[in-house]
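The following exercises are intended for a reader new to this structure. Each task is followed by a solution in steps.

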Amino acid sequence: MKLQYTVNRNYDNIRQVLKEEFNISDRLLLKLKTNQKIYKNGNIVSVHEIVNLNDKIEVFLDFNEDNSNIVPTKMDLDILYEDEWLLILNKPYGTPIHPSRMHYEDSLSNGVSYYFDKINLNKKIRPVNRLDKDTSGIVIFAKSEYIQECLVRQMKDKVFKKEYIAIVDGLLQNKCGTINAKISRKPNSIIERQVSKDNTR
């Protein structure tokens with residue numbers, strides 16, 4: 001789990017390289033400094049280190065993280081894709097993503113925690129997207145803080161696209177169309193949402 005870059009233009013220091021080439025956040029940058037995971041030409045360096053053309057900059061994201069806040073639970077995960085950066089799962093109906101008071105040990109994150117332990121990956125559990133408990137579909141788990149930040153940034157920039165398929169019961173006047181309406185909170189619920197009849201909301 002490594003980022004690397006060969007300097008091909010002028011930079012003041014390592015920090016500028018990491019910010020501009022990798023878009024590394026200040027929070028992650030602090031962790032990289034603390035864990036001594038920033039290298040120049042094979043040597044550990046500080047973020048204030050001067051860089052020159054053709055210097056090889058490497059950032060290692062393999063430091064351990066504490067994920068003991070989520071109880072590992074053995075479950076059958078439907079893995080659609082996996083590499084060193086991502087774990088992509090098909091979440092079944094009725095399974096929440098996050099542990100809660102009612103689902104302390106049977107959420108998808110509990111299963112991922114067990115799986116990470118099994119493959120000796122000491123990383124926090126980071127679901128990138130969210131699905132309701134009773135919605136089935138694809139959930140992406142980032143294996144590092146860096147890739148999570150990249151995907152969240154894509155969501156904000158509208159590059160990360162989501163598609164939903166719903167089953168409709170009843171007779172429809174039109175076979176196709178677009179629903180363009182505001183969403184509001186359902187009365188007497190702090191969680192459920194509905195299409196708002198009031199366009200001002």
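**Exercise 1.** Which residues of α3 are buried?

*Solution.* The model is a predicted one, in which local features need pLDDT of at least 70 and side-chain atom pairs count only at pLDDT 80 or more, while totals for chains, interfaces and linings use all residues. Residues are numbered from 1 along each chain as its sequence is written, and side-chain values use heavy atoms, with hydrogens and water left out.

Step 1. Apply the terms: buried means under 20% relative accessible area, exposed over 50%, and partly exposed in between (1.4 Å probe, protein chains only). Helices (H or I, at least four residues) and strands (E, at least two) are DSSP runs, numbered from the N terminus.

Step 2. List the residues: L108, S109, N110, G111, V112, S113, Y115 and F116 are the buried residues of α3. Helix α3, residues 108–118, is thus mostly covered, with eight of its 11 residues buried.

Step 3. Identify the cover: the elements over these buried residues include β5 (79–82), β6, β7 (126–127) and β8.

**Exercise 2.** Determine how many residues the largest nonpolar core has, and which of them have the most contacts inside it.

*Solution.* Step 1. A nonpolar core is a set of buried Ala, Val, Leu, Ile, Met, Phe, Trp, Tyr and Cys residues joined through side-chain atoms within 4.5 Å.

Step 2. The largest such core has 31 residues, and L18, I24 and Y146 have the most contacts inside it. Among the elements that give two or more residues to this core are β1 (2–6), α1 (14–22) and α4 (145–156).

Step 3. With contact taken as heavy atoms within 4.5 Å, I24 touches L3, L18, K19, L29, L32, V59 and Y146, leaving aside its neighbours within four places in sequence.

**Exercise 3.** Classify the aromatic pairs of the structure.

*Solution.* Step 1. Rings of Phe, Tyr and Trp (its six-membered ring) pair if their centres lie within 6.5 Å; planes under 30 degrees apart count as stacked, over 60 as edge-to-face and the rest as tilted. The structure holds two such pairs.

Step 2. The ring centres of Y5 and Y11 are 6.3 Å apart and the planes stand at 85°, so this pair is edge-to-face. Y5 is buried at 11% relative accessible area, and Y11 is buried at 7%.

Step 3. For Y39 and F60, the centres are 5.2 Å apart and the planes at 70°, so this pair is also edge-to-face. Y39 lies in strand β2 (residues 38–40) and F60 in strand β4, so the pair ties together parts 21 residues apart in sequence. F60 is partly exposed, at 22% relative accessibility.
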